[in-house]
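Biologist: Can you walk me through the aromatic rings in this one? Keep it short.

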Amino acid sequence: MPRDLGNLSTSGGLAAILLWSTTFALARSLSEQVGPITAATAVYLVGGGLCLARLGLSKKGLTRVLRLPRRYLFGCGSLFVFYSAAIYMAVGISNGRKQLLEIALLNYLWPALTILFSVPLLKKRASLWIIPGTVLALAGVFLVMTQDVSVSWASWRGHLQSSPAAYLLALAAAISWGLYSNLARCWAGPEGDGAVELFVPVTGLVLLALRFTVTEQTHWSLQALGEALALAAITALGYVMWEAAMRRGNLLLVASCSYFTPLLSTFVSCIYLKVPPSPKLWIGCLLLVVGSLISWRSVKDRPVSTTP
């Protein structure tokens, strides 16, 4: 693989992290106006159109995508669709904007899970330091989910029971994206091409079918339209660049840097949604960052190259 291609893919993955740091703020604002399923449908249909346009302008186009392994197309495609639907539902049904910050940080367990899953799936070699790294990430989420009460197991459990569906959807989304990030590299191969340009419009169609089964109050305004278009562009660009980074870039570097997304996302959400952050929120974010550095240093390639 040419060295500059790997560097370009890694840079794209880092750019995707910056773009994604704005999604929770925009998604919550848009969901409040048009509903979570309507918001997700609009974002992925428009973003899917951009992806199909990019696919049509490429040299090999759809033929290249359809030649990919079936387990990648259907396996990773299913994980992609599930993640997109789950995270928008979690954002939409969260009880207020303050709880949204908790949902976002719970979703941001996916960087830790990406590194953790890389050990069995990509045959990475991990030291025992991966344990405290993962524990710190979990501790950060635990701390954030006890913002308004004392730090205890009982208070955390009670807080969780206040909106269990939103928390479970966010956790399921984190697990599915951690699996997707590794399986995309495992099944499509680092030298192969991905199918994100196909996954995004398919997600839009699945969400459109789901939209016909639910009733939502929608109010489209210039602000909602602008947020939908911005999210569509972010979705198309972010996923394409992340996919390339996971397959051809430095996976561990990009995954570890993605731990900074909670800090960026929280900062953007607090400003855009006008939510005052608590000290526990920032401490929880910092625990995620520290956990990322420990996890990154604990995982390396095995000395002998193996093919998954």
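Modeller: Here is a quick tour of the ring pairs.
This is a predicted model, where local features need pLDDT of at least 70, side-chain atom pairs count only at pLDDT 80 or more, and totals for chains, interfaces and linings use all residues. Residues are numbered from 1 along each chain as its sequence is written, and side-chain values use heavy atoms, with hydrogens and water left out.

Biologist: How many aromatic pairs does the count come to?

Modeller: The count is 11 aromatic pairs. Rings of Phe, Tyr and Trp (its six-membered ring) pair if their centres lie within 6.5 Å; planes under 30 degrees apart are stacked, over 60 edge-to-face, and the rest tilted. One of the pairs is Trp-20 with Trp-177, edge-to-face at 6.1 Å centre to centre and 85° between the planes.

Biologist: Where do Trp-20 and Trp-177 lie?

Modeller: Trp-20 is in helix α1 (residues 3–20) and Trp-177 in helix α10 (residues 164–188), so the pair ties together parts 157 residues apart in sequence. Helices are DSSP runs (H or I, at least four residues), numbered from the N terminus.

Biologist: Trp-177: buried or exposed?

Modeller: Trp-177 is buried, at 2% relative accessible area. Buried means under 20% (1.4 Å probe, protein chains only). Trp-20 is buried too, at 11%.

Biologist: New topic. What about Phe-24 and Tyr-108?

Modeller: Their ring centres are 5.5 Å apart with planes at 70°, so that pair is edge-to-face. Phe-24 sits in helix α2 (residues 23–34), and Tyr-108 in the loop between α6 (96–107) and α7 (110–121), 84 residues apart. Phe-24 is buried at 5%, and Tyr-108 at 3%.

Biologist: Which rings do ring pairs link into a cluster?

Modeller: Trp-20, Tyr-72, Phe-80, Tyr-83, Trp-110, Trp-177, Tyr-180 and Phe-199.

Terms used: Helix = DSSP H or I, 4+ residues; strand = E, 2+ residues; numbered from the N terminus. Buried < 20%, exposed > 50% of the residue type's maximum accessible area, 1.4 Å probe, protein only.
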